Amino acid sequence: MKQQIHVPARSGRVFEVHAGDEIRLTDMQGKQVCDLWAFCPENLEEFVSASHTRVACGRVILHHGDALVSNLRRPLLTLAAGVEGHDTLQPCCDPERYRLDYGIAEPHANCRENLYGVMQPYGLSYALVPDPINVFQRVQVTPDGRFENAEPTTVAGDSVTLRAEVDLIVGVSACPQDQNPCNGFNPTDIGIEVL
Ligand SMILES: [Zn+2]
């Protein structure tokens, strides 16, 4: 194992991987979403793009073998093994999400500020924070095109493994969302191993 990183509930972390490395993300206590971002070290403006990934895979919920492609349509990560069914539809939670959509006046931990904070050594701007890949997030799409968050079916120890196709800066956030079922109303920890 090259790296082992613990991501406490409601917080973010960043780490670097090389082409060929495998990244295992573990839902430590169950029912926990892990927002995932990946950037090219030589150019932060090339990153895993949820919208381009949807087109490359031909679906909105990701499964084994799916390539996570960049905004320049280059495969950066591949979903290699583990739990299936990861959301690509939703942007990360941010201060406005809690203030406007849930009426929470006081500051609430959120994935956007988590990523922005850990990416400061690399100089990522707040405006550039891309839409994440929402690992473990269970979204139900209805026949009439609506979608809604459902409680994840993951249990403690469930994991997903992604293979890095190029060198990457990887950011994660153990999503602090506690106002809808996406984390079972109980944000918990994420474990990371780089193999
Ligand atoms: Zn979040």
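How many bridges join β7 to strand β8? Select β8, residues 75–82, together with β7: 3 bridges join the two, and they run antiparallel. Strands here are DSSP runs of E, at least two residues long, numbered from the N terminus, and two strands pair if DSSP finds at least two bridges between them.

Before going on, note that this is a predicted model: local features need pLDDT of at least 70, side-chain atom pairs count only at pLDDT 80 or more, and totals for chains, interfaces and linings use all residues. Residues are numbered from 1 along each chain as its sequence is written.

Next, select Ala-67; its bridge partner in β8 is Thr-78. Now show the whole open sheet, whose 6 strands have the order β1-β15-β3-β13-β8-β7 with antiparallel pairing. At its edges are β1 (3–7) and β7 (67–69), each pairing on one side only. From one strand to the next, the twist averages 20°.

Move to Val-33, in the loop between β3 (22–27) and β4 (34–40). Val-33 counts as buried because it has 31 C-beta neighbours inside 10 Å; the cut-off for buried is 20 or more other C-beta atoms within 10 Å, with C-beta atoms placed from the backbone.

Finally, select Cys-34. Leaving aside neighbours within four places in sequence, Cys-34 is in contact with Leu-25, Val-135, Phe-136, Val-172, Ala-174 and Ile-190. Contact means that the C-beta atoms, placed from the backbone, lie within 7 Å.

Key. Contact = placed C-beta atoms within 7 Å. Helix = DSSP H or I, 4+ residues; strand = E, 2+ residues; numbered from the N terminus. Axes fitted to C-alpha atoms, helices over the stretch in contact; angles between N-to-C directions. Buried ≥ 20, exposed ≤ 12 C-beta atoms within 10 Å, placed from the backbone.
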